[in-house]
Structures are given as structure tokens and as C-alpha cells.
Amino acid sequence: QVQLVESGGGLVQPGGSLRLSCAASGRTFRSYAMGWFRQAPGKEREFVAAISGSGGTTQYADYVKGRFTISRDNAKNTVYLQMNSLKPEDTALYYCAAGVVISTTRYDYWGQGTQVAVSS
């Protein structure tokens, strides 16, 4: 069992930056691939980024490539999402997730989410 707690969301102006964090419980954090997803009001949840257990492999959705960076610190049981050049369409509830393999879809554990709002 893995418990995930996101933090770092907030209100930011277009073009601004935020760094989201996701703290995981348990001593097996490095064995899990981690992903970030988001869900905007009235829309389905969508994949944002993922990282393998070692941190050596990453995946990004096309709409965040070049703007967002996923990373992890296995010593701190934490995964991060650095978000730069934010746009109003990035407004959503952002979730982190843990899974057996790096994937855009298959994750077993989910956090409660942290809200990101991009507005002037």
C-alpha cells in the first residue's frame, strides 16, 4: 500500500511557474513508477508526465513538453512536477499516482490532488 499526498498548488499568472510535490509513504518508493495527471472542470482526467523508479526514463504529454519537468528524489520519497510558462488551459486539479511500470494510463495508487489555477 502506498499513500500519496500532493502539495504546491495555487494561483499563478499566465507565464508563471509552480512546483508541485508528491510525498509517498512506505519504504518501497523507488520500486514504483510515478505519474502526474490532471483534471479540469467538465473534462476527463488526462496524463501529464511520468517517471520510472530509478528516474532514468521520463514521459510527457505533448501539451506540456518543453514546459513541465518531472523528477524524483528517492531518498525523500518525493516526486516533483516543475511547471513553467503556465497557461490558463493548465488550470486543473493535479494528481500524482504510483504504479508498477512507467505508463500513461496504468496506476494503482492515487493522491487526493492539488489545485492549480492560472489566471490574470
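Let me begin with Arg67, which is buried, its relative accessible area being 12%, where buried means under 20% relative accessible area, exposed means over 50%, and partly exposed lies in between, using a 1.4 Å probe and protein chains only. What you see is a predicted model, in which local features need pLDDT of at least 70 and side-chain atom pairs count only at pLDDT 80 or more, while totals for chains, interfaces and linings use all residues. Residues are numbered from 1 along each chain as its sequence is written, and side-chain values use heavy atoms, with hydrogens and water left out.

Searching the whole structure gives four salt bridges, a salt bridge being a side-chain nitrogen of Lys or Arg within 4 Å of a carboxyl oxygen of Asp or Glu. One of them joins the side chains of Asp90 and Arg67, at 2.7 Å from N to O. Because Asp90 sits in the loop between S8 and S9, and Arg67 in the loop between strand S6 (58-60) and strand S7 (68-73), this pair ties together parts that are 23 residues apart in sequence; strands here are DSSP runs of E with at least two residues, numbered from the N terminus.

Asp90 itself is buried, at 0% relative accessibility, and Asp90 also forms a salt bridge with Arg38, with 2.9 Å between the closest N and O atoms.

Taken together, Arg38, Glu46, Arg67 and Asp90 are linked in a network of salt bridges.

Key. Helices (H or I, at least four residues) and strands (E, at least two) are DSSP runs, numbered from the N terminus.
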